[in-house]
Amino acid sequence: MNIANKITVLRIILIPVFMLFMLIDIPYNMEIALVIFLIASLTDKLDGYYARKYNLITDLGKFLDPLADKLLVSGAFLIFIQLGRIEAWIVFIILAREFAVTGLRGIAANKNIVIAASNLGKFKTVIQIITIVMLFLNNYPFSLINIPMDIVFIYLSLFITVASGADYFAKHIKAMEHNV
C-alpha cells in the first residue's frame, strides 16, 4: 500500500475516534473531536497531493478516497442529529445524494465510464466541512452577535449538495444511456 492510500486509511480510522469523542462526557470532548475531525479533513488534501505528485493513483485509492470523505462527513452529521444540532431530514437528503452519486459512479464503472469529481462536488465537500465545523463550534463566534451562521451553512450545504447531485446526473445519465 502506497503512502497516499495509507493516509486515506488513516482518515477512515480517525472517523470513529472523533465520533467517540463527540459522545463521551469528558472535559473538552468536543474540542478534541473537532481537532481530530480537522486533521482527518486535511488528510484528504494530503493524500491527493501525494497521489498526484508521485503518480501513486491506484484503483484502491480511487475507491477509498471518496468513501473516506463520505464516511467522514456522514459520521459527523449523524452524531449532530443525536446531539440535536441538525435536523434528520436534512442529513437524509445529504446522505441520499451521496448514495445516488455513488450508485451512478458504480453503474458508469461497469460501462467503463469514469466519473471524476466535479468542481461543484469538491465545493460541496468544502461547504459540508465548514458546516460541520460551525456545528462543532456551536455557531461561535457568530453566536456573540446573534447571527445564526450555523443555520445558514446547514441550508447552504443542503442546497449545494442537491445541486451537485443534480449536476452529476444531468452530465452523466445521457452518456451512460448512449454507451449501452
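Asn-55 lies in the loop between α2 and α3. Its phi is near 50°, a positive value in a residue other than glycine. The model is a predicted one, in which local features need pLDDT of at least 70, side-chain atom pairs count only at pLDDT 80 or more, and totals for chains, interfaces and linings use all residues. Residues are numbered from 1 along each chain as its sequence is written, and side-chain values use heavy atoms, with hydrogens and water left out. Helices are DSSP runs (H or I, at least four residues), numbered from the N terminus.

A cis peptide bond joins Tyr-140 and Pro-141, with omega at about 5°.

Helix packing was examined next. Two packed helices are described by the angle between their axes and the distance between the axes. Axes are lines fitted to C-alpha atoms, for helices over the stretch in contact, and angles run from 0 to 180 degrees between N-to-C directions.

Helices α2 and α5 pack at about 170°, and their axes are 10 Å apart. That makes α2 roughly antiparallel to α5 (angles over 145 degrees count as such). The crossing of the two is left-handed, that is, the near helix is turned anticlockwise from the far one by less than a right angle. On the α2 side the contact is made by Met-30, Ala-33, Leu-34, Phe-37, Leu-38 and Ser-41; on the α5 side, by Ile-129, Ile-132, Val-133 and Phe-136. Contact here means heavy atoms within 4.5 Å. By class, the residues of this contact divide into 9 nonpolar, 1 polar and no charged. Ala, Val, Leu, Ile, Met, Phe, Trp, Tyr, Cys and Pro count as nonpolar, Asp, Glu, Lys and Arg as charged, and the others, Gly among them, as polar.

Helix α3 (residues 59–82) packs on helix α4 (residues 88–110) at an angle of about 160°, with 10 Å between the axes. The pair is therefore roughly antiparallel. α3 passes α4 in a left-handed crossing. Lys-70, Ser-74, Phe-77, Leu-78 and Ile-81 are the α3 residues in contact; they meet Ala-88, Val-91, Ile-94, Leu-95, Glu-98, Thr-102 and Arg-105 of α4. This contact has 7 nonpolar, 2 polar and 3 charged residues.

The axes of α4 and α5 come within 14 Å and cross at roughly 150°. α4 and α5 are therefore roughly antiparallel to each other. Again the crossing is left-handed. Ile-94, Arg-97 and Glu-98 of α4 make the contact with Gly-121, Lys-124 and Gln-128 of α5. Its residues divide into 1 nonpolar, 2 polar and 3 charged.

A cavity is a set of points, on a 1 Å grid over the protein atoms alone, where a 1.4 Å probe fits but cannot get out. Grid points are joined across faces, edges and corners, and a volume is the space filled by probe spheres set on the points. The count comes to 1 cavity of 30 Å³ or more. The largest cavity holds about 40 Å³ of space. Its lining consists of Arg-11, Ser-41, Asp-44, Asp-69, Leu-72, Val-73, Thr-125 and Ile-129, each with an atom within 4 Å of a point. Two or more lining residues come from each of α2 (29–53), α3 and α5 (119–136). The largest share, 3 residues, is from α3. By class, the lining has 3 nonpolar, 2 polar and 3 charged residues.

Note on methods:
Parallel < 35°, antiparallel > 145°, perpendicular 65-115°, else oblique. 1 Å grid on protein atoms, 1.4 Å probe; cavity = no way out; pocket = protein on both sides within 12 Å on 5 of 7 lines; lining within 4 Å.
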